[in-house]
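The following exercises are to be worked with the sequence and the coordinates at hand. Each task is followed by a solution in steps.

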Amino acid sequence: MVRLEYVANIDEILAAERAERQRLIEIPYTLEGQSVVVAHSPFDIGSVPNLFDGEPLTLARGFEANPLVIELRFTNPRPLRQVGLTLGSMDLDLRVTVTTPDGETKTFNQSYRGLPPDPTVYLDLPELLIAQQVRLEILQVGVGEPAHVHVREVMLK
């Protein structure tokens, strides 16, 4: 018979692992001809170009973070009226935070339930905003953390 025990500092170890899952990786990228920095939760499948290639069969899968974060930091501010996502099958809560060039932030939340397989969802902003930065937080509902959030496409209109 074997008896196992957690190490004395298990809470600290688990907190460090959680912090690592939430650490954003920064990648320079060209989106629609503009230089941006894409900061995202670690992926275990796919990469940043898969998020913007217009091909819903490709994907980036979050390694373990829930919510999965994708943040776009624009060199030149851009107008934004709608965010669209094609995702893996799941119920989700989406939070979109837009930062304007003057540093003002506006946050918008939307819940999506009972969606078809690999849905495309849209979050319409109540007004046209000029975005210096857009932060997407995609929470897969009902699974906790760690989780594998699948993102097939990100669309900014």
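**Exercise 1. Contact range and overall layout**

What percentage of the contacts in the protein with a separation of 6 or more comes from residues 24 or more positions apart? Describe also the order of secondary-structure elements and the overall dimensions.

*Solution.* The model is a predicted one.

Step 1. Among contacts with a separation of 6 or more, 69% are between residues 24 or more positions apart.

Step 2. The protein contains two helices and nine strands. Along the sequence they follow the pattern α-β-β-β-α-β-β-β-β-β-β.

Step 3. Taken along the principal axes, the C-alpha atoms fill a box of roughly 65 × 35 × 25 Å.

**Exercise 2. Surface and charge**

Determine the buried fraction, the exposed area and the arrangement of charged side chains.

*Solution.* 

Step 1. Of the 157 residues in the protein, 41% are buried.

**Exercise 3. The largest nonpolar core**

Which residues of the largest nonpolar core touch the most other members? Identify the elements that supply this core, then examine the surroundings of Phe52.

*Solution.* 

Step 1. The core has 36 residues, and the members with the most contacts to other members are Phe52, Ile70, Ile138, Val151 and Val154.

Step 2. At least two core residues come from each of several elements, including helix 2 (48-51), strand 5 (68-87), strand 8 (120-140) and strand 9 (150-156). Strand 1 (25-31) and strand 2 (34-40) are also among the elements that each supply at least two.

Step 3. Leaving aside residues up to four places away in sequence, Phe52 touches Tyr29, Leu31, Val38, Leu72, Glu153 and Val154.

**Exercise 4. The pairing of strand 2**

*Solution.* 

Step 1. Seven bridges connect strand 1 and strand 2 in the antiparallel sense. In this pairing, proline 28 has valine 37 of strand 2 as its bridge partner.

Step 2. Strand 2 is also joined to strand 5, by five bridges and again antiparallel. Here the bridge partner of alanine 39 is glutamate 71 in strand 5.

Step 3. Burial means a relative accessible area under 20%.

**Exercise 5. Backbone exceptions**

Locate a cis peptide bond and the positive phi values at residues other than glycine, and classify the exposure of the residues with positive phi.

*Solution.* 

Step 1. Most peptide bonds are trans, and most residues other than glycine have a negative phi.

Step 2. The bond between asparagine 66 and proline 67 is cis, with omega about 20°. Proline 67 lies in the loop between strand 4 (60-62) and strand 5.

Step 3. Glutamate 32 has a positive phi near 50°. This residue belongs to the hairpin of strand 1 and strand 2, which has two residues between the strands. Because exposed means over 50% relative accessible area, glutamate 32 counts as exposed at 62%.

Step 4. Aspartate 118 also has a positive phi, near 45°, and is placed in the loop between strand 7 and strand 8. With a relative accessible area of 37%, aspartate 118 is partly exposed.

Conventions: Residues numbered from 1 in each chain as written. Predicted model: local features only at pLDDT ≥ 70, side-chain atom pairs only at ≥ 80, totals over all residues. Heavy atoms only, no water. Core = buried A, V, L, I, M, F, W, Y, C linked by side-chain atoms within 4.5 Å. Buried < 20%, exposed > 50% of the residue type's maximum accessible area, 1.4 Å probe, protein only. Helix = DSSP H or I, 4+ residues; strand = E, 2+ residues; numbered from the N terminus. Contact = heavy atoms within 4.5 Å. Pairing = 2+ DSSP bridges.
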